[in-house]
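Please read this briefing alongside the sequence and the model.

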Amino acid sequence: MDAVFLLQADHQTIRNYFERIRAAEHLKDVRALFQGLRDELNLHTRVEETFFYPLFRSRRGFETLVDESYQDHQEIRDILTEIDDMPARSTEIVDRILSLQHRVDLHLQKEETDFLARVRDACTPDELEELGRQMEEMKNHERPRIHQEAA
Ligand SMILES: [Fe+2]
Ligand SMILES: [Fe+2]
């Protein structure tokens with residue numbers, strides 16, 4: 001799959017998690033969904049930081065975008081850790097997830113409207129296909145490990 005489509009599909013998965021969390025009626029469902037969201041976000045940001053950002057960092061016109069994206073990821077990871085550390089019964093978790101959603105939404109929007117649009121212009125379809133293949137390989141390799149750890 002082409003790298004841009006792959007990242008967009010991940011973004012959609014992440015957005016769906018937030019919607020399901022907002023619709024959840026019980027705190028225990030919120031917690032379970034949050035774990036899925038956290039794993040998805042961690043994997044997505046790691047894939048981007050492994051294959052995607054380093055490739056574009058040195059290209060003209062991408063420097064600021066890439067630097068900001070690393071900072072966004074760090075902020076997102078900090079909020080994820082903070083939520084992870086909240087007491088199991090805390091009802092504040094929902095508020096904190098909503099502020100995480102706001103932060104994540106801004107980042108995904110920036111990537112989609114700016115970053116990915118420029119990537120599409122800067123790469124050939126073959127390059128995007130190859131990049132996507134490497135990203136998928138990493139995801140397939142890492143995903144079973146995450147689920148094993150969660151079990
Ligand atoms: Fe990102
Ligand atoms: Fe992304």
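How closely do the axes of α1 and α4 come, and at what angle do they cross? The axes come within 11 Å and cross at roughly 165°, where axes are lines fitted to C-alpha atoms, for helices over the stretch in contact, and angles run from 0 to 180 degrees between N-to-C directions. That makes α1 roughly antiparallel to α4, a term for angles over 145 degrees.

This is a predicted model, in which local features need pLDDT of at least 70 and side-chain atom pairs count only at pLDDT 80 or more, while totals for chains, interfaces and linings use all residues. Residues are numbered from 1 along each chain as its sequence is written.

**Helix packing**
- Val4, Leu7, His11 and Ile14 are among the α1 residues that meet α4, where the partners include Val104, Leu108 and Leu116; contact requires C-beta atoms, placed from the backbone, within 7 Å.
- Leaving aside neighbours within four places in sequence, Leu108 is in contact with His11 and Ile14.

**Nonpolar cores**
- The largest nonpolar core has eleven residues, including Tyr17, Phe34, Leu80 and Leu108; such a core joins buried Ala, Val, Leu, Ile, Met, Phe, Trp, Tyr and Cys residues through C-beta atoms within 7 Å.
- Two or more residues of this core come from each of α1 (3-23), α2 (27-57) and α4 (92-122), helices being DSSP runs (H or I, at least four residues) numbered from the N terminus.
- Apart from it lies another core of ten residues, among them Ala3, Val4, Phe52 and Phe115.

**Helix α2**
- α2 has a kink of about 45° centred on Glu49, the bend being the angle between axes fitted to the seven residues ending there and the seven starting there.
- Buried residues of α2 include His44, Thr45, Glu48 and Phe52, buried meaning that 20 or more other C-beta atoms lie within 10 Å of a residue's own.

Definitions and conventions. Chains are lettered from A and ligands numbered from 1 in the order in which they are written. A residue is buried if 20 or more other C-beta atoms lie within 10 Å of its own, exposed if 12 or fewer, and partly exposed in between; C-beta atoms are placed from the backbone. Two residues are in contact if their C-beta atoms, placed from the backbone, lie within 7 Å. Angles under 35 degrees count as roughly parallel, over 145 as roughly antiparallel, 65 to 115 as roughly perpendicular and the rest as oblique.
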